[in-house]
Amino acid sequence: MASVVENHHSSRECDVLIVGAGASGLMCAIHAGRRGLKVMVMEKGPKPGLKILVSGGGRCNFTNLWADPEDHYLSENQHFCISAMRRYPVSEFIDMVNAHGIGYHEKKLGQLFCDHSAQDIVAMLLNEAEQVGVDIRLNSEVSQIVPDAGGFRVSVTPGKAAEASCAYVVSAPQVVLASGGLSLPKIASDLAYRTARELNMSIVSPSPALVPLTWNNVDKADFADLSGVSVECEVSCGGQSFRENLLFTHRGLSGPAILQASSYWQPKAGVFIDLLPHFDLLTELEIARHQRGKSRLSAILKGALPNRLVDAVSGTWFEDTAVAQMSSQQCEAVAEQFHRWCFRPGGTEGYRTAEVTLGGISTAEFSSKTFEAKRCKGLYAIGEALDVTGWLGGYNFQWAWASGYCCAQHL
Ligand SMILES: Cc1cc2nc3c(=O)[nH]c(=O)nc-3n(C[C@H](O)[C@H](O)[C@H](O)COP(=O)(O)OP(=O)(O)OC[C@H]3O[C@@H](n4cnc5c(N)ncnc54)[C@H](O)[C@@H]3O)c2cc1C
């Protein structure tokens, strides 16, 4: 069993201890270091910035030119993120990327990706951190944080099995929770939520977001063979609509339009999908009835949708007759079906494939200016650990950079 060793040598080793060398933690460390603070970062994983490395398909969609705190973030308190996002705008991070000579491009919709690799962003952050003497301890999992005599006692368990017996305690006058959410279970931990609960802070129940939605049993039989089919569509859920690609998979629906909608989806609710957002099917059917009445309905649909999709729903969504034989009511019903498919997901793929966690430590517990806990002086929380979740497209990293930077100004 791991024994906890009091590490008195390290008790005054830092002015601030940051938990997590991810996006927000590294940003906070750099700016706290620039202000002359002695910064120690504890990272559970064997490498810093692991989530940055796997992000954006390995090219890290590091920000979004259009990021707007009022439009692109979900939280119980929609206003919480505004202050930090205004104080650390997108242009600030782009300046840093430019200063390091990192090539990037806009892929679509304001999304900026590295030309080469996400490794460039991690190398930039580590270089900046090194310049100001940040001490990053890898394979060091924080297991508990306890307030103690005007500061905190932080229990650390070295990650490698051989060292598991060498758990130790570090005293720190200030602690920043930058340990992220629950996605990517291999590197995630629930430390931030656990710490908040132990301090009687409220949590907005976490759930997977930006995540593929899975089939219910009925749809699975109809659609599972469509794996790989992709269509541009408009997906609406919880009062939001996203016009982007949708991808059929063996397990359900994915693609950017579905990932975006998943953040607004509640279990048992329906997701409305317009499979033909660029096409008025009813008008097309009326025209076809008069001009080419012998055409089969499937042929008209195949002019606008992938053949495999039309074949899969033929017989269930529509009877494949000649369009001249269709009544106006039948035309309306078919148009409604394709423009407003009500998909009832069985669930989500969960944290294994989710990009982010919806919910987190309630923002009501923290100052939106300093990120300090209102009821626990010296404790801070930033990034995804808090109940602030961005849309898909670089918005989550922008929140991590902005909250990390702003918190550092007040340590
Ligand atoms: C596959 C994938 C792709 C993504 N792509 C993008 C993208 O392209 N653009 C975008 O904007 N967002 C993307 N995201 C979301 C983005 O990565 C996160 O929102 C962002 O990294 C959150 O920053 P953070 O600092 O809060 O947490 P993280 O970056 O997750 O950092 C938290 C760190 O804390 C460490 N940690 C956790 N618990 C402990 C503990 N107990 N002790 C010590 N260390 C601990 C973790 O190992 C981790 O390194 C993606 C996410 C995933 C999973």
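## Two packed helices

Two packed helices are described by the angle between their axes and the distance between the axes. Here an axis is a line fitted to the C-alpha atoms of a helix over the stretch in contact, and the angle is taken between N-to-C directions. The model discussed is a predicted one.

Helix α1 packs against helix α5 (residues 119-131) at an angle of about 30 degrees, and their axes lie 8 Å apart. Angles under 35 degrees count as roughly parallel, so α1 is roughly parallel to α5. The crossing of α1 past α5 is left-handed.

On the α1 side, the contact is made by Leu26, Ala29, Ile30 and Gly33, which meet Leu125, Glu128 and Ala129 of α5. Sorted by class, this contact of α1 with α5 holds five nonpolar residues, one polar and one charged.

## Around the ligand

There are 39 residues around the ligand, and those that come nearest are Gly20, Gly22, Ser55, Gly180 and Gly383. The shell includes 18 nonpolar, 15 polar and six charged residues.

At least two shell residues come from each of α1 (23-34), α2 (50-54), β9 (140-148) and α13 (395-408). Of these, α13 gives the most, with four residues.

## Two domains

The protein chain is divided into domain 1 (3-207 + 358-408) and domain 2 (212-349). Their centres, taken over C-alpha atoms, are separated by 40 Å.

Five residues from domain 1 and four residues from domain 2 take part in the contact. The side of domain 1 that touches domain 2 has four nonpolar residues, one polar and no charged ones.

Methods
Residues are numbered from 1 along each chain as its sequence is written. This is a predicted model: local features need pLDDT of at least 70, side-chain atom pairs count only at pLDDT 80 or more; totals for chains, interfaces and linings use all residues. A residue is near a molecule or strand if its C-beta atom, placed from the backbone, lies within 6 Å of it. Ala, Val, Leu, Ile, Met, Phe, Trp, Tyr, Cys and Pro count as nonpolar, Asp, Glu, Lys and Arg as charged, and the others, Gly among them, as polar. Domain bounds come from an automatic or database domain assignment. Two residues are in contact if their C-beta atoms, placed from the backbone, lie within 7 Å. Axes are lines fitted to C-alpha atoms, for helices over the stretch in contact, and angles run from 0 to 180 degrees between N-to-C directions. Angles under 35 degrees count as roughly parallel, over 145 as roughly antiparallel, 65 to 115 as roughly perpendicular and the rest as oblique. A crossing is left-handed if the near helix is turned anticlockwise from the far one by less than a right angle, and right-handed if clockwise.
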